[in-house]
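Subject: Structure handover

Hello,

Here is the structure we discussed, with my notes below it. Please look at the coordinates before you read on.

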Amino acid sequence: MNSANAKEILISCRPGTEDLAAPEAAAALEQARRDPDLQRWWERQQAFHERTRESFRTIHAPRSLHDQILAHAKTITLPWWRRSVVWKAAAAIALLCVVVAVWQKAPSENSFQTFRSRVVRNVLRQYTMDIETNDMTHIRQFLATNNAPADYVLPQPLSSLPALGAGVLSWQNRSVSMICLDSGDQGTLFLFVVDRAAVRNAPAQPEYAAVSELMTVSWSEGSKTYVLAGHGGKESLQRFR
Amino acid sequence: MRGDLDLERLVDQHYAALYRFALSLSGHESDACDLVQETFFLLATKGHQLTDHSKVKGWLFTTLYRLFTGGRRRLIRFPQQPLADVEEELPAAPPEPPSHVDWDVLSKCLARLDETFRAPIALFYLEDYSYNDIAEILHVPLGTVKSRIARGIAALQTMMIERGSGTRSLA
């Protein structure tokens, strides 16, 4: 490499950068160490690069440009699929659809069907009477004392059956009265009484349905909803309605 | 660019450097402002196509350069001089470097320099970009970038000395 070649290489090498790390730059610097004239030229060249770099950086961008860019950006009308508000609205609608779908599909926790299933299965699983007595007056007093429905109205056939006792259950933070009656040949009958407002879609007219191994008949009257459950078939329950 | 762009932050970070680059290319403050504004406009409207956020700065410089060259092509009615011819006219051997440099003279000399050389030189001094970065931004081969920078600096120095800005150093 001669000094002319070295100048062609070094002219585009900035001091303090990786430009000088290239092999050809190293060879050019080596030539400069051998040639004092080239060395002096290289020193002046480095000073030129420094001053030119500083000179370029004396350019001051107008602050108003910054504000104009941002102001302009606010007026940009993006295509609808790139607007965040569209995506947010779409996400909200999708979420709403999911919530509605889940709500409609899932059995409602306070539906009458759920209530009936729970109380009947509770009896089948295990039940205890909180009070054992044949005296219906005592039973009403006990239920009233425990804030459970006590002002129920028994159909005539039921009211003639002897009582066995009663208990208080809880349903959705509401008290449920359980009155146990002796049906004789069909064994124990269980009458559940709950405030009508506590369950959704409670039947007004008698509705018969088998729940597990018990037959039930349900109805509403006044402010109360009733579920009568027993081991007999539908016909046996019809006798007590 | 996937995800939302923080346009305000990007403007804060890059508008000044882009303006310096734009002014180096165009030589006119109003044109430089227009170029920077248009560049950020494109970022706001098309920047979502970028997948790598770390390349936003390079994308901005490339876009501004393309806007500049695109605009120039629309303005120039006569055929451009082929690059090979331009390069032939430049001094092959570098002159003595000027000892004094100020932006006033430098900008006038830059404006006289063919725009093929203006962009790599501006990036070379403004941002300390490596040759590879400059090649990527301008979409030209690495060897071409090195050649344009070397010849551009030589031409720039010659013009500055002719204008009397730089006192030729006595060897």
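I131(A) sits opposite A166(A), a residue of β2(A). The model is a predicted one, and this pair belongs to the antiparallel pairing of β1(A) with β2(A), which has 2 bridges.

The sheet in chain A

β1(A) and β2(A) are part of an open sheet of 7 strands in chain A, ordered β1-β2-β3-β4-β7-β6-β5 with antiparallel pairing. β1 (131-132) and β5 of chain A are the edge strands; each has a single partner strand, so one side of each has no neighbour in the sheet.

β5(A), residues 207-211, pairs with β6(A), residues 214-221, in the antiparallel sense over 5 bridges. A209(A) has T216(A) in β6(A) as its bridge partner. There are 2 residues between the strands of this hairpin, and S212(A) takes a positive phi near 55°. β6(A) is then joined by 7 bridges to β7(A), residues 224-230, also antiparallel; there W219(A) has Y226(A) in β7(A) as its bridge partner.

Two helices meet these strands. Helix α6 of chain A (residues 112-125) packs on the sheet and touches β2 (163-171), β3 (174-182), β4 (188-195), β5, β6 and β7 of chain A, with its direction at about 135° to that of β6(A). Helix α7 of chain A (residues 136-145) lies across β1, β2 and β3 of chain A and runs at about 15° to β2(A).

Chain B and the contact

Chain B has 8 helices and 0 strands. Of its 171 residues, 38% count as buried. Among contacts in chain B with a separation of 6 or more, 76% are between residues 24 or more positions apart.

The contact between the chains takes 32 residues from chain A and 39 residues from chain B. On the chain A side, α1 (3-10), α3 (36-56) and α4 (63-74) each supply at least two residues. α3(A) gives the most, with 11 residues. By class, the side of chain A that touches chain B has 13 nonpolar, 10 polar and 9 charged residues.

Which residues of α3(A) are buried? They are L38(A), W41(A), W42(A), Q45(A), F48(A), H49(A), T52(A) and F56(A). They cover an arc of only 120° around the axis, which puts them on the same side of α3(A). Residues three or four places apart in an α-helix point the same way, because there are 3.6 residues a turn. What covers the buried residues of α3(A) includes α1 and α2 (23-34) of chain A, together with α1 (7-26), α5 (103-112) and α6 (115-126) of chain B. As for length, the 21 residues of α3(A) should span 30 Å at 1.5 Å a residue, and the end C-alpha atoms are 30 Å apart, which agrees.

In α1(A), the buried residues are A6(A), K7(A), E8(A), I9(A) and L10(A). These pack against α2 and α3 of chain A together with α8 (142-162) of chain B.

Regards

How values were computed: Residues numbered from 1 in each chain as written. Chains lettered and ligands numbered in written order. Predicted model: local features only at pLDDT ≥ 70, side-chain atom pairs only at ≥ 80, totals over all residues. Helix = DSSP H or I, 4+ residues; strand = E, 2+ residues; numbered from the N terminus. Buried ≥ 20, exposed ≤ 12 C-beta atoms within 10 Å, placed from the backbone. Contact = placed C-beta atoms within 7 Å. Nonpolar A, V, L, I, M, F, W, Y, C, P; charged D, E, K, R; others polar. Expected span 1.5 Å × (residues − 1). Arc of directions from axis to C-beta. Pairing = 2+ DSSP bridges. Axes fitted to C-alpha atoms, helices over the stretch in contact; angles between N-to-C directions.
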